[in-house]
Amino acid sequence: MTKEKLSSSLEDYLEVIYNIIDKNEKVRAIDISRELNVSRASVTEALKKLADKQLINYGRYDMISMTEEGKKQALGVIEKHNTLQYFFEEIMGLEHAEAATTACKIEHIISQNVLDRFTALKNFHKTNPEYIEAFQKYYRDK
């Protein structure tokens with residue numbers, strides 16, 4: 001199966017499914033509907049698309065599970081989100097809610113090249129926090 005780029009919406013569904021399974025070990029369509037605040041019909045449509053792409057196992061009245069490829073792609077989306085949120089929160093000094101919202105928007109459009117640079121900056125920050133602290137002081141004093 002060729003790995004094709006998922007839409008932003010399907011990435012969100014995949015991320016939510018993974019997170020619910022990670023917490024509860026089982027997920028139902030209603031759980032996804034509540035988490036994303038979308039209709040059950042929208043969830044059903046998305047689940048069918050994810051199943052067609054062989055990222056989840058889904059039957060109308062069955063519990064939903066993820067394939068290995070689905071888990072891999074979900075973890076990729078989560079890692080992008082976490083890297084971006086770290087940047088906005090820990091480096092740029094944004095409040096948690098704004099950092100999370102901004103990361104969620106950008107995670108769907110960021111190129112791998114740009115993400116690699118964010119990841120390198122995150123890793124640099126973890127080993128050299130004094131440089132980022134100097135930047136944050138500079139920004140506050142501006």
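## An exposed asparagine in a loop

Asn-37 counts as exposed because its relative accessibility is 70%, where exposed means over 50% relative accessible area, buried under 20% and partly exposed in between, with a 1.4 Å probe and protein chains only. The model is a predicted one, in which local features need pLDDT of at least 70 and side-chain atom pairs count only at pLDDT 80 or more, while totals for chains, interfaces and linings use all residues. Residues are numbered from 1 along each chain as its sequence is written, and side-chain values use heavy atoms, with hydrogens and water left out.

## Two positive phi angles

Asn-37 lies in the loop between α2 (29-36) and α3, and although it is not a glycine, its phi is positive, at about 55°. Gln-54, in the loop between α3 and β1 (56-57), is likewise not a glycine and has a positive phi of about 60°. Most residues other than glycine have a negative phi. Helices (H or I, at least four residues) and strands (E, at least two) are DSSP runs numbered from the N terminus.

## Packing of α1 on α3

Helix α1 (residues 8-24) packs with helix α3 (residues 40-52) at an angle of about 90°, and their axes are 10 Å apart. Here axes are lines fitted to C-alpha atoms, for helices over the stretch in contact, and angles run from 0 to 180 degrees between N-to-C directions. The angle makes α1 roughly perpendicular to α3, a class that covers 65 to 115 degrees, with under 35 counted as roughly parallel, over 145 as roughly antiparallel and the rest as oblique.

On the α1 side the contact is made by Leu-10, Tyr-13, Leu-14 and Ile-17, and on the α3 side by Ser-42, Val-43, Ala-46, Leu-47, Lys-49 and Leu-50, where contact means heavy atoms within 4.5 Å.

The structure holds three aromatic pairs, defined for rings of Phe, Tyr and Trp (its six-membered ring) by centres within 6.5 Å, with planes under 30 degrees apart counted as stacked, over 60 as edge-to-face and the rest as tilted. Phe-87 and Phe-88 form an edge-to-face pair, 5.2 Å centre to centre with 70° between the planes, and both residues are buried. Phe-87 also pairs with Phe-118, and that pair is edge-to-face because the ring centres are 4.6 Å apart and the planes stand at 90°. This second pair links distant parts of the chain, with Phe-87 in helix α4 (residues 68-91) and Phe-118 in helix α6 (residues 112-127), 31 residues apart.
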